[in-house]
Amino acid sequence: MPKVKIHREKPKEKFSYDPKKVLKMLDEHARRILEDIKQGKNPHFDIPTRGLSNVYFDEKSRLIRMGDKLSRRYFLNVAHARKFMQTLLIMAYVKRLVSEGKHASLREAYYANKHTIPGTRENTFEDQSESDPIIEDLERMFGVLREEMHITADRRGYIYGDIVIRDGEDEFNASKLGSGGWAVPGTVEHIQFPEINVDYALVVETAAMADRLIEEKYPKKENALIIATQGQASRGVRRLIHRLHYEEGLPIIVFTDGDPYGWYIYSTIKQGSINLAYLSDKLATPEAKFVGMTMDDIKRYGLENVTEKLKGIPPNKKGGPTGDYKRILEEMNYPWFQNKEWQRQLQLALKWGVRIEQQALANKSLEFVAKEYLPEKINNGDLLP
Amino acid sequence: MAEANQLFREFKIQSVSEFFRRNAAMLGYTGKVRSLTTLVHEAVTNSLDACEEAGIPPYVRVEIEELGDEHYKVVVEDNGPGIPEKYITHVFGKMLAGTKAHRNIQSRGQQGIGISGAVMFAQITSGKATRVITSTGGDEIIEAWVKIDVDKNEGKIVKKEKHPNLKGWRGTRIELEVKNVKYMRSKQGVYWYLKLTAIANPHAHIELIEPDGKLIVFPRSSDYIPEPPVEMKPHPKGVMTDDVYRLAKKTRKNTVRRFLIGEFSRISDKKVDELIEYIAALRLIKTVKDKKLQEQYYQRLMEGDVKSVLRAFKGYTKVVKQVAKLMEKPPEKLTWHEAEEIVEAFKYMKFLAPPTHGLRPIGEENIEKGLKGILKPEFVTAVTRPPKVYSGGIPFQVEVGIAYGGEIPAGFDLYRYANRVPLLFDAGSCVTTQAARSIDWKRYKIDDLDRAPLVLMINVVSVHVPYTGTGKQSIASVDEIYNEIRLAIMDAARRLQTYLSGKHRRLAQVKRRKTFEKYVPEIARALSILTGEPEEKIREYFIRFIESRFTAVEAEDVPVEEVAENA
């Protein structure tokens, strides 16, 4: 079998994190509010509207993007006043974080700003579900990442492979940290990659599968970087994938379960998500490719005995479609799944009513996935767009 | 008292007191609580009437002293004109005697039975005489113990003393000792009765000392003393054969024609000529055998076509002349049948609406004063409707007052009055209750009537209030009265609604303003961190901004701009 080697492409964009930009944004908006109130105008923020109604799929860049609908948050409006106050509170907090060079988690940001408003029994924030959306509002309003405002999410996911990472004063090789690899932090803005000795990055849905590949020495043999997402990819992981692709030219190949949830994880990495549509430019990687699992794999590798039934009621049955079936039908309508290959996979899933997990490949043998399945498909370019 | 004496010729004297002695319930003496209330009512009514007729602002003091189990002394004292010595037995001893009996006049009392009924009730329960202390302001005070001789229907003074009137006191104090009654602070007891009386009589100062020694004062809230009611002649549409027949016997006029013109309202010489034609026509129609034809004549008569009806009969002029002759005979010769003919003819004729000058409503201003003074509400309004007529000839007038909030506890209360007298019993069958309940209160911003701090008072004023029973505690459901009450309530309720919506708007405005103000310190601190300007200054900018927006809003009375965030 002829080996088609995957090569790193040329970098497309430069890493550009500038704390001054965030401070400038904060200052501009706060001064405008102050000017308005001085002149007796009702001060307001213009915040891009969240939700499905304000996102669209940009065919050209193949990204989910945010539309230009704005919602106006006034001070002098009973329905807005509280959020208006919260917005300013978080802005002041971000200013302190960024100018002092400190980072805080979403939860810390919530607790740091929660207190009882003097003379009332009301808290500035009652719940983290109040502060998180305000932080998202600021991201959309300023067009900067939450991480650039020094507010981070919980870390999830890890990488393993021959790549040198510089994190602050530390520098290390991600293939020499033991079998656990390097855990991806909540923010990867300050990370640099002085040395990269891999040909591509393999993004793996489950930690179990990533561990299997590391044990089989797949990264070394195939010159690949393993990125475990552990379910839906966190922002840190998505940002890392984006940076590795655009700043370092690494091809991205995604390996998930063969079910609607796995395919959705792929779609989020590739096109971005509705929730974070305003960050697609920084998080999504439309050039990513999909290696598996596919429905075709079942026939091709004789895995009929290790499939599982889809959950829910099929569309042709009474009460259907629900559960997995409904999800598949939704995905069939996504603009980025509008191609023959994907439609075929989704159709087959509906037809057979089955799903297949990555681990099902262990039915062949423990080494099968590392020695046959992945090298064969990747080197043959047998990938889905 | 000539009038009464004359009247009493119609009755067997011995039976009057005797009858009521056996039927005390008819005078309101039923139940232990109600009997006491009735007793106090009679005495207080007399006091108020006496003061008003004398033009004195009433000061009435009621004292209830517990002497034993269901045994009380009731003292009622007033600052009225006092009673001349020779009238004492008449006032307290004789049933169906008094200054208002059987005159067509709006009155509080019950045709002269009231206080003598009370004296009788005290006498038959405790065996004691009623002590009367009175002075007309002269040199002496008379103290008399009065009893009723039931057989003779006469008052009897069993003991009398005279005292020098050193301080020039004037007024009447009566003390009744009664048994088989009970003092309770219920909605049918004395306290409640006096409270309602005070509301409807804001010109009166009323005090009550309860058996436990507690003094309750319902102070005067108006200086205006209502004019005493004037007598009104009956309207032809409102009389029955018996009225005409009896009045004809009593009149001093010497012909039927003059009697009709003199003793009834809205009857002129011309009307009597018309009456002659109608009576003649009715007599002729009665001779017609064909029922259908007869119906047609009645119909035409009803339409006022009396002349053409007459012409339809041969020799009608003869009948007209006969009837005309009847009008010239002395009234005492009027037969029952003739009186019947006159009343029947009245039904077909048209008359001007009865005069209403005899009606004495409380008046909007005084209702408001009364409600405000006693209930201390936050809002009060009153409506006095123009007089109307029911049953074709009985004038009446409806007044309504609404008091809302303030010291009024939650829960709807209806205060019913007939000629200013509180009605405490039989609320369920009363037209006022029906009318009040028929209102869609939600339309007037009262979402839950039974929990609203709302008092509705209704006063029905008339020479003849159509009570449902002998107790005179419930007004019959007469369409005209029902409709007038409804209109009055709706009118008053609209004003309440205006008040309430204004209040809601102001409250909402204050609340809204507070919402903004409470965030200002937080906003100022954050903006100070962000811009470096002093916190204090930023706070001032915001407060000033809120201030300007809200004063502008109050001037225009429109809500602050409200834009949904996603608009």
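A pocket, found on a 1 Å grid over the protein atoms alone, is an open set of points where a 1.4 Å probe fits, with protein on both sides within 12 Å along at least five of seven lines, and its lining residues have an atom within 4 Å of a point.

The model is predicted, so that local features need pLDDT of at least 70 and side-chain atom pairs count only at pLDDT 80 or more, while totals for chains, interfaces and linings use all residues. Residues are numbered from 1 along each chain as its sequence is written, chains are lettered from A and ligands numbered from 1 in the order in which they are written, and side-chain values use heavy atoms, with hydrogens and water left out.

**Exercise 1.** Describe the lining of the second largest pocket.

Solution. Begin with the residues: 17 of them line this pocket, and Arg146(A), Ala233(A), Arg235(A), Arg238(A) and Leu276(A) lie nearest its centre. Next, turn to the elements, where helices (H or I, at least four residues) and strands (E, at least two) are DSSP runs numbered from the N terminus; those giving two or more residues to the lining are α7 (235-246) and α8 (260-271) of chain A. Finally, sort the lining by class, counting Asp, Glu, Lys and Arg as charged, Ala, Val, Leu, Ile, Met, Phe, Trp, Tyr, Cys and Pro as nonpolar, and the others, Gly among them, as polar: there are seven charged, five polar and five nonpolar residues.

**Exercise 2.** Describe the side of chain B that touches chain A.

Solution. With contact taken as heavy atoms within 4.5 Å, chain B contributes 28 residues and chain A contributes 40 residues. Two salt bridges join the chains, each being a side-chain nitrogen of Lys or Arg within 4 Å of a carboxyl oxygen of Asp or Glu. Glu533(B) forms a salt bridge with Lys38(A), and their closest N and O atoms are 3.1 Å apart. On chain B, α16 (479-531) and α17 (535-556) each supply at least two residues of the touching side, and α16(B) gives the largest share, 13 residues. By class, this side has 17 nonpolar, nine charged and two polar residues.

**Exercise 3.** Which residue does Glu35(A) meet in a salt bridge, and how are the two placed in their helix?

Solution. The partner is Lys38(A), at 4.0 Å from N to O. Glu35(A) and Lys38(A) are about one helical turn apart, because they are three residues apart in helix α1 (residues 19-38) of chain A.

**Exercise 4.** Locate a cis peptide bond and a positive phi in chain A.

Solution. The peptide bond from Gly292(A) to Met293(A) is cis, with omega near 0°, and Met293(A) sits in the loop between β15 (289-292) and α10 (295-300). Arg62(A), in the loop between β2 (55-58) and β3 (63-66), has a phi near 55°.
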